[in-house]
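Open the model in your viewer and keep the selection panel at hand. We will go from one selection to the next and look at what is there.

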There are 2 protein chains.
Amino acid sequence: MNELELIARLTRSLPGNPSVVTGAGDDCAVLDCGRPGHYLLFKTDAVVEGVHFTSLATPEQIGHKALGRCLSDIAAMAGRPLAALITAALPADFVPAFVERIYAGINALAQRHGVAIAGGETVRNPERLLLCVSMVGEVARNKCVRRDGAKAGDALFVTGELGGSLSGKHLDFEPRLAEAQWLAENVPVHAMIDVSDGLAGDLRHLMRMSQVGAELLAQAIPISRAARLQGHAPSAAKPPLLAALSDGEDFELLFTVASREAVGLLDAWRKQFPKLRLTCIGRITAEGGLKLRDKTGLHSLETHGYDHFA
Amino acid sequence: MNELELIARLTRSLPGNPSVVTGAGDDCAVLDCGRPGHYLLFKTDAVVEGVHFTSLATPEQIGHKALGRCLSDIAAMAGRPLAALITAALPADFVPAFVERIYAGINALAQRHGVAIAGGETVRNPERLLLCVSMVGEVARNKCVRRDGAKAGDALFVTGELGGSLSGKHLDFEPRLAEAQWLAENVPVHAMIDVSDGLAGDLRHLMRMSQVGAELLAQAIPISRAARLQGHAPSAAKPPLLAALSDGEDFELLFTVASREAVGLLDAWRKQFPKLRLTCIGRITAEGGLKLRDKTGLHSLETHGYDHFA
């Protein structure tokens, strides 16, 4: 049983109540906590030693990654982060100064994005370090962007460049909060997700929730320098395009807008964020399934994203 | 370095923002999220295999305990729980049916208290099961009870009975949500905390936050049947009174009210909750330090609560 199958079984019959607007299945849970015109966003995410980082990561990077992943999920709903709690599960031989440096990484990123660290706890996890971050954020009701709003004909966009994140970016990415908030303010965004499981995997999540298909343009996909360098190494396991489709942990924004908005969006984006690439990589289709168009024609794409239990 | 020293170092300089009313150091973080007249409560808590439960616990009990601990913290602020997220960190050899039974335990308790399970995630933690629960709740601003409001002369109360929780109660306790909400509605409660680290330990937390001392009456402390039975066993490690003071995981409410409210409270409580004991166990003092009065006089009490790293 893979992660998605297990989660599907677990989420089949979760208890709800009237506060839940969107439960399991989007980047964040969306709650109505009684604030007029606003929703509360609620998210939890964990990183585990040996799974999400190795002993090569500095403690500051570990803290940065743990908090940054949650911030990226708040961004994917076009939200503003408010406060986070940190659960630090520490191995038997933990060094206090190392834990303090993890917090230095958390705190620096938190300060940059205006999110408070409002507490948490420490527990023992004898064999390895695990950090679990919980976060609440806010979003205006009419600006909240979910995964389920993509429509046939929409243009599909991605920020930044994809692939090869493991060579460094996964430890020092900047969550796209300002970009997502600007998008929600300035363009009718139909659906959005952050790229954490890989472009193909996250696009499939968006397609499933929106009940649509998608067609990617192979030549348009922005492949990162890291993925290109790795792809040209003699021991390369993956061609660069495949890395961009499936590596994961890019923490970029993947979203759709009506096709008539596409050109205006690209113009406005260039003025607003001249240093961050925005690329139209394909379109949403009424017919289900994920397809890739390259020089030789249109192919059904079987690549899936990262499976946490594979 | 013990847990409290590490936490003191980590919490010295956490980033804040205007949404934080109460950060690290109380049962829950208290946030102002813009809902008029209300605060948001925010809590995270983890249980770890071999630390908070053993292989003797059923999966339903593990789920119950994980969620119940957070609910008890919401109760300690007199709040109402809204929604929880579950991070299930699963060992390499996890059995899906076991995880589903954990969720059955979570869901049953959640339903009883009207809290939604709004999502979460699964990650790998190869050697052992770890469950991290995040919860948000709500409380009217003028009914939110913190740890820092105890005043010299206050009467000190505890619900239920204390000690010996490890023999069973820690896996099937009922969080005192209804009781705490009733208290906040009906009595001016000055300070409250849930008893998780042991009566002495949690009373010290309350004393430190309120900058007061306390005097406990040895004969008044409600000792559980489990603590008494263990205390009379030939191999007894702890006298029953010491067990009640220090065992922890009782998940009862410890709170203070002005002494003039004490008698009326006991009367009203008996009518409202005839099956749950409420006991006045001592008083708050202006002079610092924790003292125990028994037949032989007044003694300084050195017993501390459970230290997660001891």
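Start by selecting the interface residues of both chains: 100% of those in chain B are also interface residues in chain A, so the copies meet through the same surface. Contact here is when the C-beta atoms of two residues, placed from the backbone, lie within 7 Å. This is a predicted model, in which local features need pLDDT of at least 70 and side-chain atom pairs count only at pLDDT 80 or more, while totals for chains, interfaces and linings use all residues. Residues are numbered from 1 along each chain as its sequence is written, and chains are lettered from A and ligands numbered from 1 in the order in which they are written.

How many residues does each chain bring to the contact? Chain B gives 58 residues and chain A gives 58 residues. Now colour S5(B), which supplies the largest share of the side of chain B that touches chain A, nine residues. (Strands are DSSP runs of E, at least two residues, and helices are runs of H or I, at least four, numbered from the N terminus.)

Next, select Arg35(B), the residue of chain B that comes closest to the rotation axis, at 2.2 Å (C-alpha). A rotation of 180° with 0.0 Å of shift along its axis superposes chain B on chain A, with RMSD 0.0 Å. That is the relation of a two-fold axis. The superposition is by least squares on the C-alpha atoms of residues with pLDDT of at least 70 in both copies.
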